[in-house]
Amino acid sequence: MKETNPDELFDVVDHEDRVIAQAPRREVHARKLLHRAVHVLVHDADGRLFLQRRSPTKDTFPNCWDSSCSGHVDAGENYVIAARRELGEELGWHDQTLPLRPLLKLPAGPETGYEFIEIFVLGPLSGPFELHPGEISEGRWFSPDGLDLLIKKSPEQVAGALRHLWLNHRAEILESST
């Protein structure tokens with residue numbers, strides 16, 4: 001598993017998601033530069049989503065529920081390669097033939113942490129997972145109603161990008177996981 005490195009390089013992009021520069025993680029975040037990330041939503045045969053609780057050591061949204069796996073796109077990577085890398089790093093899934101399905105792409109802005117986020121769906125799968133404690137403190141299956149309730153009653157326990165994604169694209173997510 002790759003440890004968080006404040007000096008790792010990210011592609012900095014313009015408002016059209018075209019690479020214009022590269023900069024270290026710390027600078028990208030400090031200056032709120034536009035950059036790229038991926039989220040993968042894993043669902044099971046019953047339509048439940050596997051969500052991770054982020055490690056308490058994460059620099060953003062510690063201890064919050066988030067997508068099945070997520071992460072930055074490293075400099076020079078594309079979205080698909082980054083999603084497959086994150087599946088391996090966070091969930092222990094290194095099978096490059098897993099059928100990732102692109103769902104949608106969120107525009108960069110304050111609600112996404114200035115990230116263009118490509119969302120992928122994977123499933124139906126039920127595990128097994130090898131959760132890495134440096135990234136994830138626990139994982140759990142959520143029904144759509146369960147996630148609705150969590151966001152309604154405890155929005156602060158859900159990472160901002162997942163909250164934004166669910167509240168604005170719930171129907172597309174559910175349609176893709178049937």
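Predicted model: local features only at pLDDT ≥ 70, side-chain atom pairs only at ≥ 80, totals over all residues.
I take helices (H or I, at least four residues) and strands (E, at least two) as DSSP runs, numbered from the N terminus. Residues are numbered from 1 along each chain as its sequence is written, and side-chain values use heavy atoms, leaving out hydrogens and water.

**Entry 1: the E8–E9 loop**

I looked up Pro-124 and placed it in the loop between strand E8 (115-122) and E9. The bond joining Gly-123 and Pro-124 is a cis peptide, with omega about 5°. Pro-128 also lies in the loop between E8 and E9. I find a cis peptide bond from Gly-127 to Pro-128, with omega near 0°.

**Entry 2: positive phi**

I checked Lys-32, which is not a glycine, and its phi is positive, near 55°. Lys-32 sits in the loop between H1 and E3. Phe-61 is no glycine either, and has a positive phi of about 50°. I place Phe-61 in the loop between E4 and E5. Phe-61 counts as partly exposed at 38% relative accessibility. My cut-offs: buried is under 20% relative accessible area, exposed is over 50%, and partly exposed is in between (1.4 Å probe, protein chains only).

**Entry 3: the largest pocket**

I then turned to the largest pocket, with a volume of about 720 Å³. On a 1 Å grid over the protein atoms alone, a pocket is an open set of points where a 1.4 Å probe fits, with protein on both sides within 12 Å along at least five of seven lines; lining residues have an atom within 4 Å of a point. Grid points are joined across faces, edges and corners, and the volume is the space filled by probe spheres set on the points.

Which residues lie nearest the centre of the largest pocket? They are His-29, Arg-54, Thr-60, His-72 and Glu-115, out of a lining of 39 residues. Helix H1 (25-30), strand E3 (35-43), E4, E6, helix H2 (79-91) and H4 each give at least two lining residues. By class I read nine nonpolar, 13 polar and 17 charged residues in the lining.

**Entry 4: His-72**

I followed His-72 into strand E6 (residues 69-72). His-72 counts as buried, at 13% relative accessibility. Its side chain makes a polar contact (N or O atoms within 3.5 Å, one able to donate a hydrogen and the other to accept it) of 3.4 Å with the side chain of His-35. Beyond four places in sequence, the contacts of His-72 (heavy atoms within 4.5 Å) include Arg-25, His-29, Arg-36, Glu-77, Arg-85, Glu-86 and Glu-115.

**Entry 5: Val-40**

I found Val-40 in strand E3. Val-40 is buried, with a relative accessible area of 0%. Outside four places in sequence, Val-40 is in contact with Ser-67, Ser-68, Cys-69, Ala-83, Leu-87, Leu-100, Phe-120 and Leu-122. I also noted 17 Å between the C-alpha atoms of Val-40 and Ser-137, which are 97 residues apart along the chain.

**Entry 6: helix H3**

In helix H3 (residues 144-153), I list Pro-144, Leu-147, Leu-150 and Ile-151 as buried. Seen down the axis, the buried residues of H3 fall within an arc of 125°, so they line one face of the helix. I take that arc from the directions between the helix axis and the C-beta atoms. The buried residues of H3 pack against strand E4 (49-54), strand E5 (65-66), strand E9 (136-142) and helix H4 (160-176). On the other side of H3, I find Asp-145, Lys-152 and Lys-153 exposed.

Key
Nonpolar A, V, L, I, M, F, W, Y, C, P; charged D, E, K, R; others polar.
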